[in-house]
Amino acid sequence: MAQVEETPGQEILSMIEKPHEIPEGFEPNILAFACNYCAFAAADLAGVMRLKYSPSVKIIRLPCTGKLDHIYVLRAFEKGVDGVFVAGCLVGQCHFLEGNIAAAKRVAHIRKLLESVGIDPARHEMFNLSAAQGPRWAEICMEFTERIRKLGPSPAHIAIDKKGGNKRSEQK
Ligand code: FES
């Protein structure tokens with residue numbers, strides 16, 4: 001039987017924790033789950049106001065953030081999305097009463113799940129805004145994109161790229 005030399009524990013840890021290089025020109029893939037009544041309307045308003053915000057953000061409209069399912073977010077990360085945010089109505093203004101409160105609890109839980117599998121929980125966040133806050137929408141997109149740009153590609157994105165299966169990266 002072949003002898004396998006044992007790698008010292010400290011060395012293993014430093015290999016795991018070694019920050020990966022952020023590739024030059026990296027632009028994050030970001031998914032935003034926006035509730036129809038406030039966040040999506042705010043995004044629409046930002047467009048009407050011709051406010052510039054990150055083109056990296058792809059919006060998926062939900063009737064209410066209360067419809068957010070863990071699987072949507074986890075699947076996005078599995079597919080190599082670098083960051084996911086959820087945007088709902090202001091607290092107390094959800095059109096379905098407490099959908100945004102349920103969503104905030106789900107986001108907190110998903111953050112813990114992400115952390116447990118080695119994905120920085122900062123890659124997932126919930127924001128609340130009103131339909132009149134077009135500039136706030138633009139600001140959230142810019143700030144979140146900047147945060148994810150600094151974090152670099154998500155571990156799943158890197159793994160997919162290594163296997164040569166990330167069509168989006170090839171398109172860049
Ligand atoms: Fe906007 Fe519920 S309707 S979060």
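Biologist: What pattern does the protein follow when read along the sequence?

Modeller: This is a predicted model, in which local features need pLDDT of at least 70 and side-chain atom pairs count only at pLDDT 80 or more, while totals for chains, interfaces and linings use all residues. Residues are numbered from 1 along each chain as its sequence is written. The protein has 7 helices and 4 strands; helices (H or I, at least four residues) and strands (E, at least two) are DSSP runs, numbered from the N terminus. Along the sequence, the pattern reads α-β-α-β-α-β-α-β-α-α-α.

Biologist: In what order do the strands of the open sheet stand?

Modeller: Two strands pair if DSSP finds at least two bridges between them, and here the pairing is parallel. The twist from one strand to the next averages 20 degrees. The order of the 4 strands is S2-S1-S3-S4.

Biologist: At what angle to S3 does H3 run?

Modeller: Axes are lines fitted to C-alpha atoms, for helices over the stretch in contact, and angles run from 0 to 180 degrees between N-to-C directions. H3 lies across S1, S3 and S4. The angle between H3 and S3 is about 155 degrees.

Biologist: What angle does the direction of H4 make with that of S4?

Modeller: H4 packs on the sheet, where it touches S3 and S4. Its direction makes an angle with that of S4 of about 160 degrees.

Biologist: Which residues of H3 are buried?

Modeller: A residue is buried if 20 or more other C-beta atoms lie within 10 Å of its own, exposed if 12 or fewer, and partly exposed in between, with C-beta atoms placed from the backbone. The face of H3 turned away from the buried side carries the exposed residues Ile-71 and Arg-75. The buried residues of H3 pack against S1, S3, H4, S4 and helix H6 (155-162). These buried residues are Val-73, Ala-76 and Phe-77.

Biologist: Which residues touch the most other members of the largest nonpolar core?

Modeller: A nonpolar core is a set of buried Ala, Val, Leu, Ile, Met, Phe, Trp, Tyr and Cys residues joined through C-beta atoms within 7 Å. The largest one contains 44 residues. Elements giving two or more residues to this core include strand S1 (30-35), helix H2 (39-48) and helix H5 (134-151). The members with the most such neighbours are Ala-34, Cys-35, Cys-38, Ala-39, Ala-42, Ala-87 and Trp-137.

Biologist: Leaving aside its neighbours within four places in sequence, with which residues is Cys-35 in contact?

Modeller: Two residues are in contact if their C-beta atoms, placed from the backbone, lie within 7 Å. With neighbours within four places in sequence left aside, the partners of Cys-35 are Phe-40, Leu-62, Cys-64, Thr-65, Ala-87, Gly-88 and Cys-89.

Biologist: What is the phi of Arg-50?

Modeller: Arg-50 is placed in the loop between H2 and S2. Arg-50 is exposed, because 7 other C-beta atoms lie within 10 Å. Its phi is positive, in a residue other than glycine, and is near 55 degrees.

Biologist: Is Leu-97 buried or exposed?

Modeller: Leu-97 lies in the loop between S3 and H4. Although Leu-97 is not a glycine, it has a positive phi of about 70 degrees. Because Leu-97 has 12 C-beta neighbours inside 10 Å, it counts as exposed.
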